[in-house]
Amino acid sequence: FFFMAPPKGSSQNLPSLGALCSFLVHSATVIPILYSTPPIELQETCSAVCRVFWAYHKDVNLVQDVVALECSNKTLECAFREESVTVHLIKEFFVIHSAGLVKKIVSKVVRSVLAKPDLKLELDPEKVLVQLEEEKPNTTITQSMVDKVISKRAATLMKYVNVVLSKFSSVSGKFPPELKDFVKILKYHLREKSSSYFYQLVGGWFFLRVVIPALVSPETSGMSPKQPLSLTSRRNLILVGKVLQCICNESVFSDKEPYMHVLRYDASVAVVNFRHVVDKLCTGPVSEAQDVHYDTKRGPLVSSCAQNLNIMFTNHIEVIERGVLEDTNGINEDFTLFNECQREMEELRTILGKNSVKGTEMQYKSNFESVDRRRNMFLRTQKTISDINHAMGFPDYEMPKSPSSRDSATSLLSSSDPSSLVSSADSSDTTCSILTDECASHRDNVDDRTLEEDIVETQMVMKIKHRSKTINLTVNKAVSLKSLMRQIGKKFSLKTAFRLCYEFGGKKHAIKDAEHWNTFLHGQGKRVNNGIYRYNLSIQLVK
């Protein structure tokens, strides 16, 4: 990454990278932040942010936001221009999700072309004439002979093109759901535009930016031939790519290359077939964007991205904050209000340690206001996806009410020790944020109406169940996970260590660390009265 060096003295005391990543994936200002990033840092910052969102399975939501912005605020001629935030993010999105597909699509054609050193697909009559004269020096080459060779080569060239398109069609059923969701989102936002523009954009992203570069430069795409490519083989692959480009753009061959017009009919047939494949990708609801959770396998792979983002934001926080608050790009109204921008930039400064007193360290801790703000952002994003599904004919598709935690929704690169959050009844620390020690115990059929009778000052009500006993704990916004677990241990008279668990998607998930707790607060909970949220938890004894 081309990031500037960290400020002097900051490299040893970096703030919580988990808090920074959690802020980004739940922030309503992440797009305005990227638009305010200095141009020299933009490409690498967009790449890093996209990978952080990927670690949380939230990159589809990120792409949805930028595609919506690009399609609503700009004319088609100006949309998706190079070096923009949108293009940088989608480029990285495709790099991440198409890596395993490229070889399957182009490897057969590459191997076939490289295995035939005498193969020539050149269609330019002048070049064909020179080649024939070199091959048959003692023969007078006539125009009919040139035309016959061109006709035969054109058939062979289209055969290779159709192989690539056929592979694309066969692999499309195995596309990652993120790529399918991208196509559906793009179609939704271009529903009032010309349909041909939609197909051109899909072809552009899949072929012009992914497939064709791998085809014409196999040595840079993990398909290195045993021997260097000859000029003829390279030209053959370029011609295949050139035809694919015209098909995906749904454009006629340029007048600068009139010899390519011989492929017009076959190319028009291929355009129809390509559209059918794209239509297949649009079937079904947008699903991957519904399932937001931190992936414990992906997270460690993007640790360097989180570190570099921390350095970049620390170095440029003043420039970014000024750009966001002044709305120099005129996009804030698409994402958030001014007061919310102020609060989020203040939170970002706190995470980066910019609000700490000189000479002292500040440990960032989420407060209830930020938790509630992030919950609203998540629900807002999910509602957008739900609206897309409804508009595309899937009104009954059930949207999860909160992010999944398949592999445990721990925060990226959290420094917390999971074992430290296993509560023990032997703890001697009496620090507690619980408002009251008076708590009624109930059976499984506990009356939820008691929740509405709790103290008005309370922001959260924890309904905890262990075996046949259930209790309600009323807590304020300053509650910590450890203090809550100590109170629970006392209430249930637990003599062994335990973890708190919650259910989502028919599965039970254990809260393993502080960042997982924050994620639980962001996504779970039901509003019952006057801003009070109820959370359902159970106890898992640790053997």
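**Serine 538**

The model I am reading is predicted. Is serine 538 buried or exposed? It is buried, because its relative accessible area is 16% and the cut-off for buried is under 20%. I then listed the contacts of serine 538, leaving out residues up to four places away in sequence. Serine 538 touches Lys465, Arg499, Leu500, Cys501 and Lys508.

**Salt bridges**

I turned to the salt bridges next. The structure holds 10 of them. I looked up a few.

Glutamate 318 pairs with arginine 349, with 3.8 Å between the closest N and O atoms. Glutamate 318 sits in helix H13 (residues 303-326) and arginine 349 in helix H14 (residues 338-351), so this bridge ties together parts 31 residues apart in sequence. I noted glutamate 318 as partly exposed, at 38% relative accessible area. Arginine 349 is buried, at 14%.

Which other residue did I find bridged to arginine 349? It is glutamate 321, with an N to O distance of 2.8 Å. Arginine 349 is in helix H14 and glutamate 321 in helix H13, so the pair ties together parts 28 residues apart in sequence. Glutamate 321 counts as buried, at 16% relative accessibility. I wrote down Glu318, Glu321 and Arg349 as a salt-bridge network.

**Helix H15**

My last entry is the bridge between lysine 383 and aspartate 387, whose closest N and O atoms are 3.2 Å apart. Both residues lie in helix H15 (residues 368-391), 4 residues apart, so about one helical turn separates them. Aspartate 387 is partly exposed, with a relative accessible area of 35%.

Terms used: Residues numbered from 1 in each chain as written. Predicted model: local features only at pLDDT ≥ 70, side-chain atom pairs only at ≥ 80, totals over all residues. Heavy atoms only, no water. Buried < 20%, exposed > 50% of the residue type's maximum accessible area, 1.4 Å probe, protein only. Contact = heavy atoms within 4.5 Å. Salt bridge = Lys/Arg side-chain N within 4 Å of Asp/Glu carboxyl O. Helix = DSSP H or I, 4+ residues; strand = E, 2+ residues; numbered from the N terminus.
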